[in-house]
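Subject: Structure for your files

Hello,

Please find the structure below. My notes on what was found in it follow.

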Amino acid sequence: YVRFHLISPLIQQSAENIVLFDTFVSILSHNLGEPAYEADVAQLEYKLVAGEHGLVIRVKGFNHKLPLLFQLIIDYLSDFSFTPAVFEMITEQLKKTYFNILIKPETLAKDVRLLILEHGRWSMIDKYQTLMNGLSIQSLSSFVKAFKSQLFVEGLVQGNFTS
């Protein structure tokens, strides 16, 4: 079991940065779909989570091939690229996801409660409005470059691994 948290102070600076981060993680997951399929067949699991303060990478499975899967994820992260069509598809999916959160009373209530309790939190309404105003491909590219330049990493490795 390997878990790494790539933390960046950049994410919480604005509602636009949070939306750009969600877009980045979704595109990264989309890009990994095909190359990581063989790992899935070999009973290796991975998950990319857009956390509140950064990207959480979780991989688990048999230890002798796990580093290859983790390296694949890191390679796709470091050489991040996307097409305009994928960008449009992911932003449309995010619009639907944000809207679905807003129309459910229990998730909206949770968001409002956290907005009151947490300093510097951006509401789902702010994120939805930012996404509806439109994101540019250039802004995503600039955000990803800045994100990769301002990272702090925490990691946990459990299992049959040497240092």
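The model is predicted, so local features need pLDDT of at least 70 and side-chain atom pairs count only at pLDDT 80 or more, while totals for chains, interfaces and linings use all residues. Residues are numbered from 1 along each chain as its sequence is written, and side-chain values use heavy atoms, with hydrogens and water left out.

Helix packing

On the H1 side, Ala15, Glu16, Ile18 and Val19 meet Asp126, Lys127, Thr130 and Leu131 of H6 (contact means heavy atoms within 4.5 Å). These contact residues comprise 4 nonpolar, 1 polar and 3 charged (Ala, Val, Leu, Ile, Met, Phe, Trp, Tyr, Cys and Pro are nonpolar; Asp, Glu, Lys and Arg charged; the others, Gly among them, polar).

Largest pocket

The largest pocket holds about 340 Å³ of space (an open set of points on a 1 Å grid over the protein atoms alone, where a 1.4 Å probe fits, with protein on both sides within 12 Å along at least five of seven lines; lining residues have an atom within 4 Å of a point). Its lining has 17 residues, with Ile18, Asp22, Ala50, Arg121 and Lys127 closest to the centre. H1 (15–32), H4 (84–103) and H6 (124–133) each supply at least two lining residues, and H4 gives the largest share, 4 residues.

Regards

Key:
Grid points are joined across faces, edges and corners, and a volume is the space filled by probe spheres set on the points.
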